[in-house]
Amino acid sequence: MNKNITFKGRPVEVTFKGIEIGSKFPNFKAVNKDMTDFNLADYAGKIIVVNAFPSVDTGICAMQTVRFNQEVKNYEDLVVVTVSKDLPFTLNRFCADKDVNNAITVSDYRYRDFENNVGGLIKDIELLARQVIVLDKSGQVKYLELCDEVSSEPNFEAALAVIKELV
């Protein structure tokens, strides 16, 4: 099943893999900004915020990454994982330029595991849609937002309220 959202007002179709509140979040493999492999299962037992978007080279995606990086810096047992199709070199540059050091930035370009296991691929442009997913320590989805309009900000306050309940 797929979902319809908009990208700059234009209807687009997004792959959907059935992730919903209460479901067990699937593992995925990606590439870290230093070109090493990332595996979500390595963070089992932690609260995880999955922050997916099209590209850090756009204003809202950059702001989303920086904001979550700042919002979670004082929480223990919490990890923010940002996922995009950006190349690891781009992610490395962005994190250095914006002092992003509390979030793990990974690329789905090589393995396409996020796209295939979680969903969220905008078929027309081969980029990920804007999503925020909060997982509890057992890996169960406690918050899920797929933005109806890709160029809109996610609901930070709603996601942060769930995070605060979990920590």
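How many residues apart are Glu 71 and Arg 67 in helix α1? Point 2 below has the reply; here are some friendly notes for a first look.

1. Ground rules. This is a predicted model, in which local features need pLDDT of at least 70 and side-chain atom pairs count only at pLDDT 80 or more, while totals for chains, interfaces and linings use all residues. Residues are numbered from 1 along each chain as its sequence is written, and side-chain values use heavy atoms, with hydrogens and water left out.

2. The pair from the opening. Glu 71 and Arg 67 are four residues apart in helix α1, so about one helical turn separates them. Helices here are DSSP runs (H or I, at least four residues), as are strands (E, at least two), and both are numbered from the N terminus. The two side chains meet in a salt bridge, 3.1 Å from N to O. The term salt bridge stands for a side-chain nitrogen of Lys or Arg within 4 Å of a carboxyl oxygen of Asp or Glu. Glu 71 is partly exposed at 31% relative accessibility, and Arg 67 is partly exposed at 25%. For this scale, buried means under 20% relative accessible area, exposed means over 50%, and partly exposed lies in between (1.4 Å probe, protein chains only).

3. Other salt bridges. The structure holds 14 salt bridges. One of them joins Arg 112 to Glu 126, at 3.0 Å from N to O. That pair links distant parts of the chain, 14 residues apart: Arg 112 is in the loop between β7 (103-107) and α3 (113-118), and Glu 126 is in the loop between β8 (119-122) and β9 (127-128). Both residues also belong to a network of salt bridges that links Lys 85, Asp 108, Arg 112, Glu 115 and Glu 126. Arg 112 is partly exposed at 31%, as is Glu 126 at 38%.

4. Lys 29 and its contacts. Lys 29 forms a salt bridge with Asp 37, with the closest N and O atoms 3.5 Å apart. The charged end of Lys 29 also sits over the ring of Tyr 111, 4.5 Å from its centre. For a charge to sit over a ring, NZ of Lys or CZ of Arg must be within 6 Å of the ring centre and within 35 degrees of the ring normal. Lys 3 does this too, with its charged end 4.2 Å from the centre of the Phe 16 ring.

5. Aromatic pairs. The count comes to four aromatic pairs. Rings of Phe, Tyr and Trp (its six-membered ring) pair if their centres lie within 6.5 Å; planes under 30 degrees apart are stacked, over 60 edge-to-face, and the rest tilted. Phe 28 and Phe 38 are a tilted pair, with centres 5.6 Å apart and planes at 40 degrees. Phe 28 is buried at 0%, and Phe 38 is buried at 2%. Another tilted pair is Phe 68 with Phe 156, with centres 5.3 Å apart and planes at 55 degrees. This one links helix α1 (residues 59-71) to helix α4 (residues 156-166), its two members being 88 residues apart. Ring pairs also link Phe 28, Phe 38, Tyr 43 and Phe 114 into a cluster.

6. Cysteines. There are zero disulfides in the structure, a disulfide being a pair of cysteine sulfur atoms within 2.5 Å. For Cys 61, the nearest cysteine sulfur is that of Cys 147, 9.7 Å away. Cys 61 is buried at 1%, and Cys 147 is buried at 4%.
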